[in-house]
Amino acid sequence: MSVGDFIRNSQVWKSIFRHPAPRDRRNRVVVMLTNVFLHLHPVSIRKSGIALSYTWCMGGITFFLFLVETVTGVLLMFYYRPTLEHAYNDILALRDVATLGVLREIHRWGAHAMVITIWLHMYRVFLTGSYKPPREFNWGVGVILLVLTLLLSFTGYLLPWDQLAIWAITVGSNMARATPFLGHEGPGSTFLKIGDTPLIHNGSDARFLLLAGRSVGGDTLLRFYVLHCVAIPLAVGLLIAVHFWRVRKDGGISGPL
Amino acid sequence: MWTSITEWESLQTGLAYFYLLCVLLNLGFAFYYFKVEKNLAAAGFWTVVSLAYGALAAGYFAHLGWALPVNIKNGIDYLMGPVIYSLGSVVAFCIVLYWRKFFTNPHVAWGMLNLSILAFGFSVTDKNFFDIVRKPDNVPIPLLIYSVGFFTWLALRRSVLNDQRMARGEAPLEKLEDEKVLVWPDLVYTELLAMIICTIILVAWGLLLKAPLENPATSAKAPNPSKAPWYFLGLQEMLVYYDPWMAGVVLPTMIIVGLIAIPYIDYNKQGNGYYTFSQRPFAIITYLVGFIILWVTLIVLGTVLRGPNWNFFGPFSYWDPHKVDPLNNINVSDIFWLHWFGKSVKGMHWFIRELPGIILVLIYLLVLPPLLAKTIMRSMFIRMGFIRFFVLVTLLQFMACLPIKMLLRWTINLKYIVYLPEFFFNI
Ligand code: HEM
């Protein structure tokens, strides 16, 4: 008996993989049904739906990049401290001295790439008309995913706490100050007052909510950190689950009738 | 100008490797036509092109110092402005879409790719352009341009082929692969391969290019220009034409709402699950205008052509922080009261003052949609029904906000249609 056979016949192996290797039709079906990760897929699929020239593989790559960002992000969290005192120096150390500091590069370039691939995924879904019935709802889920992905990138941009970071966030969040009714320089905000006391001022408006202060500061850093590392990824993970579920329930990847 | 000689020398070496890569690309393309398509003329032609790249590579290896001539650079800088840039991209867009059969021909598309590579290669010989391109956070921009270009070509090409097939009464190409296959191995192996390739690319990219880290943050000194992350530069560009409440809040919200609404307003049942252009031209043109013209080209503009104080700079010009663009913008109220009636708007009640602009906006929002329903969009209105039609037209109107304001700014220097600083309400 060869070593390979010995391993494959051992109790340990069989407790993990409950069926022989997927070499024949039966076991190729069983493997898809018994493995929780593979079970995201159907067992069989229309050939046109997996053609690279059709899907461009962009949804899958976007998902893979999300996983890469999660793994590298968790590793970076062991190192990085979101405080005014430490944030910049931690990134500096990642660049110059930390072993595996390259994780920061991978995390950053992966984030850029994910923005591009999600646009391309959406582009192909549109151009193949795949948002049409019965997939209308999943397109909507996708749009929310798009917004959350951009917000993930945006909140992450602040964390290195360098000039690039705070000024990009300052430019971006200045818009919130002009939110109609809810920003202190937004149209209509002057109408919201009790007696002579304005309700919306620079210490209570939408921008203040976003920044946790009147300008980008230490509290902003904490807020963006929590959004970036916990809140938004959880929401994205949840919506991706819905998205994949619906891809299958809506009849799998689209194709001509 | 190149102040550091070593930088210029090492750029030349870099370009040499870049052109060597182009030699390989074109040889591969030629080989495909030789081996698979048995098209000797095409194979020969692309071999000659790759030889030309070889000569370029040799020249750069020898550090002959080939650079884009100053006259050409000055000419481009002189011509380039927001107007030429925007109108140029619209015209190019229309030409490509109209003659899509010609432009999606693989040889034509490959030729255009080569031209763009040459344009890029010669552009980076300019120090100012090079400084923009080599910013690490700008690397996604060429990636964006080339991937969007490639996939636009791919989708249009498949659409053209499908449209031809369907005109002959045949089924679209996707229909030919209608049979079911098992996910293991057909899909999982593709996925595994894709994951491996992505990992390799990401790790290589991470090792080759350092992520940017500038000086520690200080609220004392803002960098000039202060740019948003590249994927938001389209929004930042809108700030030139609209106040933050429009450019930063209302229009982005309308983009999101509009995207979600697409499946519910598109009543066209055709073109579900395959590439086609002629079965749904309206939907596709609208989306392409939104994505290519109003999003991607604005991002490129914001990255390459906007410098200090958000002034416009030609691709090869020096970002002079002291450049002043004279602004003599006027409002609709000035045009109406001052130019037409010779009355000063000072001291006028805001409602009277802004009435002309308010009326214009109301006409645009309230009168135009029913007018369209009665005239050129009549057949759409009948087929879509009341609610769908008005949602569609409203969304299109918001999409048109930016081009309209651009045109008004360029032609009559218009700043605001409605100017109510009293309520932060400027349109
Ligand atoms: C985190 C972001 C996203 C992930 C991970 C993701 C992933 C996927 C995957 C893996 C598929 C299977 C087919 C394919 O790969 O093309 C898919 C299908 C689909 N996606 Fe996404 N997607 C995301 C965002 C979006 C966005 C932004 C949209 C559109 C606004 C969208 C709309 C759809 C639709 C309608 C389908 C069904 C397409 C069909 O049946 O052909 N998704 N998605």
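The model is a predicted one, in which local features need pLDDT of at least 70 and side-chain atom pairs count only at pLDDT 80 or more, while totals for chains, interfaces and linings use all residues. Residues are numbered from 1 along each chain as its sequence is written, chains are lettered from A and ligands numbered from 1 in the order in which they are written, and side-chain values use heavy atoms, with hydrogens and water left out.

Let me begin with the iron atom. Its protein donors are His121(A) and His243(A), each through NE2, at 2.0 to 2.1 Å. Donors here are N, O and S atoms within 2.8 Å of the metal (3.2 Å for Na, K and Ca); water is not among the atoms, so sites may look incomplete. His121(A) belongs to helix α7 (residues 102–127) of chain A and His243(A) to helix α11 (residues 218–249) of chain A, so the pair ties together parts that are 122 residues apart in sequence. Helices are DSSP runs of H or I with at least four residues, strands are runs of E with at least two, and both are numbered from the N terminus.

Why is the arrangement called octahedral? The six donor atoms subtend angles of 86 to 178 degrees at the iron atom, and this makes it octahedral. The term requires, for six donors, that opposite donors are over 155 degrees apart and all others between 65 and 115. The ideal angles for six octahedral donors are 90 or 180 degrees.

His243(A) is also buried, because its relative accessibility is 14%; buried means under 20% relative accessible area, exposed over 50%, and partly exposed in between, with a 1.4 Å probe and protein chains only.

I turn to the wider shell. Helices α5 (58–77), α7, α8 (136–158) and α11 of chain A each supply at least two of its residues. Among the polar side chains, Ser254(A) places a polar atom 2.8 Å from an oxygen atom of the ligand. Arg135(A) has a side-chain N or O atom 3.0 Å from an oxygen atom of the ligand.

Elsewhere in chain A, Arg95(A) is found in helix α6 (residues 87–96). Arg95(A) counts as partly exposed, at 31% relative accessible area.

Finally, chain B has 16 helices and three strands. Its C-alpha trace spans about 75 × 65 × 40 Å along the principal axes. Of the 427 residues of chain B, 45% count as buried.

Definitions and conventions: Tetrahedral: all angles 85-135°; square planar, octahedral: opposite > 155°, others 65-115°. Polar contact = N/O pair within 3.5 Å; in protein donor to acceptor, adjacent residues only side chain to side chain.
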